[in-house]
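Subject: Structure handover and notes

Hello,

Here is the structure I promised to pass on to you. Please open it next to this email, and my notes follow below.

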Amino acid sequence: MEAAKQVRKNAYAPYSCFLVGAALRGSDGQIYTGCNVENVSYGLSICAERVAVFKAVSAGVTSFQALVLVTDQEELVSPCGACRQVLAEFSLEMPVFMVNFQEKIVQTTVEKLLPASFVFRKSREEKFNEERF
Ligand code: THU
């Protein structure tokens, strides 16, 4: 939670002025953080959650223990649809904690946020892993 609050300060959000921080604990015990990074071409902006996931994956970590999402809003923010699909790629069971600065906390899971998510054919996934290792 502390890591998510800290990284939120780095959010680059001059268009929405809405700062978001995310912290993902990898199965290696490390915390991977992310903040939202906006762009003048609005559609190129990326959410804090995806930055955290992509940082972890690029560090070689693809299994996670938990995600914390921090905003400074009375009403808690939950991950957008795109982020839900990206999180579902790696863990459906992962607990997701939505938090604000009044210490309000709501706990859910990726599966609850994105029920009946798209799953790629297993045979292709196995082939990919065979070729990779
Ligand atoms: N945003 C996130 O980073 N995560 C969310 O879960 C919701 C939205 C960002 C995207 C954009 O930079 C700003 O918040 C306003 O939508």
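What follows is a walk through the sheet, the helices and a few single residues. Please keep in mind that this is a predicted model.

**The sheet**

Let me begin with the strands. Five of them form an open sheet in the order β2-β1-β3-β4-β5, and the pairing is mixed. The edges are taken by β2 and β5 (105-109), each of which has a single partner strand, so one side of each is left without a neighbour in the sheet. On average, and with direction ignored, neighbouring strands are turned by 20° against each other.

Two of the pairings can be followed residue by residue. β1 and β3 run antiparallel to each other over six bridges, and here Gly 26 lies opposite Phe 64 in β3. Strand β4 (residues 95-99) is joined to β5 by five bridges, also in the antiparallel sense. In that pair you will find Val 96 opposite Thr 108 of β5.

**Helix α2 and what lies around it**

Helix α2 covers residues 48-58, and its buried residues are Ala 48, Glu 49, Arg 50, Val 51, Ala 52, Val 53 and Ala 56. Among the elements that cover these buried residues are β1 (21-26), β2 (31-35), β3 (64-70) and α3 (81-90). After α2 comes Gly 60, which has a positive phi near 95°.

How does this helix sit on the strands? α2 packs on the sheet and touches β1, β2 and β3. The direction of α2 makes about 140° with that of β2.

**The α2 and α3 pair**

The other neighbour to look at is α3. The axes of α2 and α3 come within 9 Å and cross at roughly 30°. That angle falls under 35 degrees, and the two helices are therefore roughly parallel to each other. The crossing of α2 past α3 is left-handed. On the α2 side the contact is made by Glu 49, Arg 50, Val 53, Phe 54 and Val 57, and on the α3 side by Ala 82, Cys 83, Val 86, Leu 87 and Phe 90. By type, these contact residues divide into eight nonpolar, two charged and no polar.

Within α3, the buried residues are Cys 83, Arg 84, Val 86, Leu 87 and Ala 88. The buried residues of α3 pack against α2, β3 and α4 (110-113).

Most residues other than glycine have a negative phi. Which residues other than glycine take a positive value here? One of them is Glu 103, with phi near 65°. Glu 103 belongs to the loop between β4 and β5, a hairpin with five residues between the strands. The relative accessible area of Glu 103 is 48%, and the residue is partly exposed.

Another is Ala 116, whose phi is near 55°. Ala 116 has its place in the loop between α4 and α5 (122-132). Is Ala 116 buried or exposed? With a relative accessibility of 82%, Ala 116 counts as exposed.

Thr 33 is part of strand β2. Its relative accessible area is 18%, and Thr 33 counts as buried because that value is under 20%. Which residues does Thr 33 touch, not counting those up to four places away in sequence? They are Ala 3, Val 7, Ala 22, Ala 23, Val 51, Ala 52 and Lys 55. Two of these, Val 51 and Ala 52, are among the buried residues of α2.

Lys 5 is in helix α1 (residues 2-8). At 12% relative accessibility, Lys 5 is counted as buried. Leaving out residues up to four places away in sequence, Lys 5 touches Val 70, Asn 100, Phe 101 and Glu 103. That list brings us back to Glu 103, the residue with positive phi in the hairpin of β4 and β5. Lys 5 and Ala 22 are 17 residues apart in sequence, while their C-alpha atoms are 7.8 Å apart in space.

Methods:
Residues are numbered from 1 along each chain as its sequence is written. This is a predicted model: local features need pLDDT of at least 70, side-chain atom pairs count only at pLDDT 80 or more; totals for chains, interfaces and linings use all residues. Side-chain values use heavy atoms; hydrogens and water are left out. Buried means under 20% relative accessible area, exposed over 50%, partly exposed in between (1.4 Å probe, protein chains only). Helices (H or I, at least four residues) and strands (E, at least two) are DSSP runs, numbered from the N terminus. Contact means heavy atoms within 4.5 Å. Axes are lines fitted to C-alpha atoms, for helices over the stretch in contact, and angles run from 0 to 180 degrees between N-to-C directions. Angles under 35 degrees count as roughly parallel, over 145 as roughly antiparallel, 65 to 115 as roughly perpendicular and the rest as oblique. A crossing is left-handed if the near helix is turned anticlockwise from the far one by less than a right angle, and right-handed if clockwise. Ala, Val, Leu, Ile, Met, Phe, Trp, Tyr, Cys and Pro count as nonpolar, Asp, Glu, Lys and Arg as charged, and the others, Gly among them, as polar. Two strands pair if DSSP finds at least two bridges between them.
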